[in-house]
Amino acid sequence: MRNILSLSFFVILLFAGFFNLASCTYDKGEIAVTTVCDTTQVTYDANVSEIITNSCISCHASGSSLGDLSDYSNVMVAVNSGEFKERVITNKNMPPSGALPDDQLQLISCWLQNGTLQN
Ligand code: HEC
């Protein structure tokens, strides 16, 4: 009887430990930043603009009625309205074909976090 009690206590400890670990690993909705996020490593010209050219311009070219993302000042219109972050990072429904890959989401989050510089 004593043995069974201590065995179940052990099993409970084991599970508690497991769930405790599991809760630390990955928090959905938050993007783990693995690249260095500062204004020299992540820039509009080198990173954000390239992602937009490759994944957004086909639908959001200059003068597009869906929202013009053809240059920094037009991108800033979408940033300032909150739509840019909401679509790309929060809801991940732009581009409509599916979320950008994690590394690109990280670069964009970093740029947003650092104050959306034109750098
Ligand atoms: C296949 C076409 C397509 C691609 C590619 C695409 N979008 Fe869109 N986007 C749309 C359409 C259509 C709408 C308008 C309908 C809607 O609101 O969902 C839209 C709307 C938006 C809006 C809201 C505009 C506003 O003024 O309210 C933002 C911001 C946006 N897209 C950002 C992006 C970004 C950033 C990318 C690239 C990462 C992207 N989109 C790629 C088709 C596209």
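## Glu50 and its setting

Glu50 belongs to helix α2. Its C-alpha atom and that of Gln104, 54 residues apart along the chain, are separated by 10.0 Å.

The model is predicted: local features need pLDDT of at least 70 and side-chain atom pairs count only at pLDDT 80 or more, whereas totals for chains, interfaces and linings use all residues. Residues are numbered from 1 along each chain as its sequence is written.

## Overall architecture

The chain contains 5 helices and 0 strands, in the order α-α-α-α-α along the sequence. Helices (H or I, at least four residues) and strands (E, at least two) are DSSP runs numbered from the N terminus.

Of the 119 residues, 14% count as buried. Among contacts with a separation of 6 or more, 58% join residues 24 or more positions apart; a contact requires C-beta atoms, placed from the backbone, within 7 Å.

## Packing of α2 on α5

The axes of α2 (residues 44–55) and α5 (residues 102–113) come within 10 Å and cross at roughly 125 degrees. The angle makes α2 oblique to α5. Axes are lines fitted to C-alpha atoms, for helices over the stretch in contact, and angles run from 0 to 180 degrees between N-to-C directions; under 35 degrees counts as roughly parallel, over 145 as roughly antiparallel, 65 to 115 as roughly perpendicular and the rest as oblique.

Tyr44, Asn47, Val48 and Ile51 of α2 make the contact with Gln104, Leu107, Ile108 and Trp111 of α5. These residues comprise 6 nonpolar, 2 polar and no charged (Ala, Val, Leu, Ile, Met, Phe, Trp, Tyr, Cys and Pro count as nonpolar, Asp, Glu, Lys and Arg as charged, and the others, Gly among them, as polar).

## Packing of α4 on α5

Helices α4 and α5 pack at about 150 degrees, with axes 10 Å apart. That angle makes α4 roughly antiparallel to α5. Lys85, Val88 and Ile89 in α4 meet Leu105, Ile108, Ser109 and Leu112 in α5, a contact of 5 nonpolar, 1 polar and 1 charged residues.

Terms used
Contact = placed C-beta atoms within 7 Å. Buried ≥ 20, exposed ≤ 12 C-beta atoms within 10 Å, placed from the backbone.
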